[in-house]
Amino acid sequence: MLKIEHELIPENPMTQISEQALQAAVREYRDPYLNKDLYELGAVKSLNADDNGNVTLMVELPYPSKGIAGALKQLVGNALEDVDGVENVDVHVGQKIHSYKVQKDLPSVPGVKNIIAVASGKGGVGKSTTAVNLALALQAEGARVGILDADIYGPSIGMMLGVPEGKRPDTRENKYFVPMDAHGLQANSMAFVVTEKTPMVWRGPMVSGAVMQLLQQTLWNELDYLIVDMPPGTGDIQLTLAQKVPVTGAVIVTTPQDIALLDGKKGIEMFRKVDIPVLGVVENMSVHICSNCGHEEPLFGHGGGERIAEEYDTTLLGQLPLHMTIREQTDGGTPSVIAEPDSEVARRYRDIARRVGAELSTRERNLSGSISSVSVTEH
């Protein structure tokens, strides 16, 4: 009888290389912000190996993470190369930002996945500077970002982003605003529709109505995050906005100064009252850096942001120095993240941005949320 021998071809290309060994190698990497491995995060989209020892890994992180993608590739790639039979490793790292639940299931804003409120219990703590640099840092980390200046009485976002004085947003159908493009951000502010000399002598309901109109009648285009620079304080206006704006999470800005810390606590309490999760605290002006000699000195106290975060079981997102260049760059319309992207200050802002995105990614998803934009007719 003629005997025919068939060449044994593995059904799964990974049978030549231990699948378990490959997965174990991938699990060696733990996310620095969420403290989980890539499988626990659901970030491994595919892991394949062929007969020639070529391994391909596809990773998709749930938060803006461009700044750590290179390190992830290298660390995971090195671990995979140590597996027996592996000749070549190709690691691809991407990200996908989801929409997360808002307070009281308020309807989503068209074109926006998540709204992050940046707030402070009092003025003068660098809230707007933080909001602008956070927005730019999220963008630098790979997200689509917009910013809304809700500080009606003191709108400054336009100046900080270098929008020329007197420039006005385009409109559609005499109803919708087209957001300004500023360093790649989609931006809108009451300062864009009034002059600097227009006094905003408005009562609370008028302010709230103006902010809601700016928010809902701006044609935001497929944003992962919309940063809202809230008015400082915790009064009626702030509370009303917190109740009406569909906020996914809030960031509290404070300084180490005792009075600022007290007001920062009030800000946290306000958001908790309306069921908005506080993603964390940013301690601004934590240490003064001398522009001549580089000497560091905690002018406003030490460790205040950390104490608040611990007391309210939230996260200290980062600490930023009191440095002349931050003010000069922001006042000049090119905030630190844009002006000096490789500086220590920009690095801190980008670290804060990754922490904010990572913390938000742990929240419950908004499966009913829609990012569909308002449809308008071009004329």
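User: By class, what does the lining of the largest cavity have?

Analyst: This is a predicted model, so please read everything I say as computed from it. By class, the lining of the largest cavity has six nonpolar, four polar and one charged residues.

User: Which residues line the largest cavity?

Analyst: Its lining is made up of Ser99, Tyr100, Val102, Ser108, Val109, Val112, Lys113, Asn114, Ile115, Pro246 and Asn366. The space inside the largest cavity comes to about 50 Å³, and the structure holds one cavity of 30 Å³ or more.

User: OK, and pockets? What volume does the second largest pocket have?

Analyst: The second largest pocket has a volume of about 310 Å³. Its lining counts 23 residues, and those lying nearest its centre are Val125, Gly126, Thr129, Asn284 and Met285. The elements giving two or more residues to that lining are helix H3 (127-140) and helix H9 (324-331), with the largest share, five residues, coming from H9.

User: And its lining by class, how many nonpolar, polar and charged?

Analyst: For the second largest pocket the lining has nine nonpolar, nine polar and five charged residues.

User: What does UniProt list for "binding site"?

Analyst: An unreviewed UniProt entry lists Gly121, Lys122, Gly123, Gly124, Val125, Gly126, Lys127 and Ser128 under "binding site". From this set, Lys122, Gly123, Gly124, Val125, Gly126, Lys127 and Ser128 belong to the lining of the second largest pocket. If you want to find the spot by eye, Gly123 sits in the loop between E4 and H3.

User: Switching to the sheets, in what order do the eight strands of the open sheet come?

Analyst: The order is E8-E9-E5-E10-E4-E11-E12-E15, and the pairing in this open sheet is mixed. Strand E8 (180-182) and strand E15 (316-319) are at the edges with a single partner strand each, so one side of each has no neighbour in the sheet. Neighbouring strands here are turned against each other by 25° on average, direction ignored.

User: Do E4 and E11 run parallel or antiparallel?

Analyst: Strand E4 (residues 112-119) and strand E11 (residues 249-254) run parallel and are joined by four bridges. Within that pairing, Ala119 stands opposite Ile252 in E11.

User: Which strands does H11 lie across?

Analyst: Helix H11 (residues 344-360) lies across E4, E10, E11, E12 and E15, and runs at about 175° to E15.

User: What order does the open sheet of three strands have?

Analyst: That open sheet has the order E1-E2-E3, with mixed pairing. Strand E1 (44-49) and strand E3 (88-95) form its edges, each with a single partner strand, so one side of each is left without a neighbour in the sheet. On average, neighbouring strands of this sheet are turned by 10° against each other, direction ignored.

User: How many bridges join E2 to E3?

Analyst: Eight bridges join strand E2 (residues 54-61) to E3, and the two strands run parallel. Val55 stands opposite Val89 in E3. Helix H2 (residues 66-81) packs on this sheet, touching E2 and E3, and its direction makes about 150° with that of E3.

User: Last one, where does Asp275 lie?

Analyst: Asp275 lies in the loop between helix H7 (258-273) and E12. Leaving aside residues up to four places away in sequence, Asp275 touches Gln103 and Lys104.

Technical notes
Residues numbered from 1 in each chain as written. Predicted model: local features only at pLDDT ≥ 70, side-chain atom pairs only at ≥ 80, totals over all residues. Heavy atoms only, no water. 1 Å grid on protein atoms, 1.4 Å probe; cavity = no way out; pocket = protein on both sides within 12 Å on 5 of 7 lines; lining within 4 Å. Points joined across faces, edges and corners; volume = space filled by probe spheres on them. Nonpolar A, V, L, I, M, F, W, Y, C, P; charged D, E, K, R; others polar. Pairing = 2+ DSSP bridges. Axes fitted to C-alpha atoms, helices over the stretch in contact; angles between N-to-C directions. Contact = heavy atoms within 4.5 Å. UniProt positions renumbered as here; feature names shortened; annotations may be inferred.
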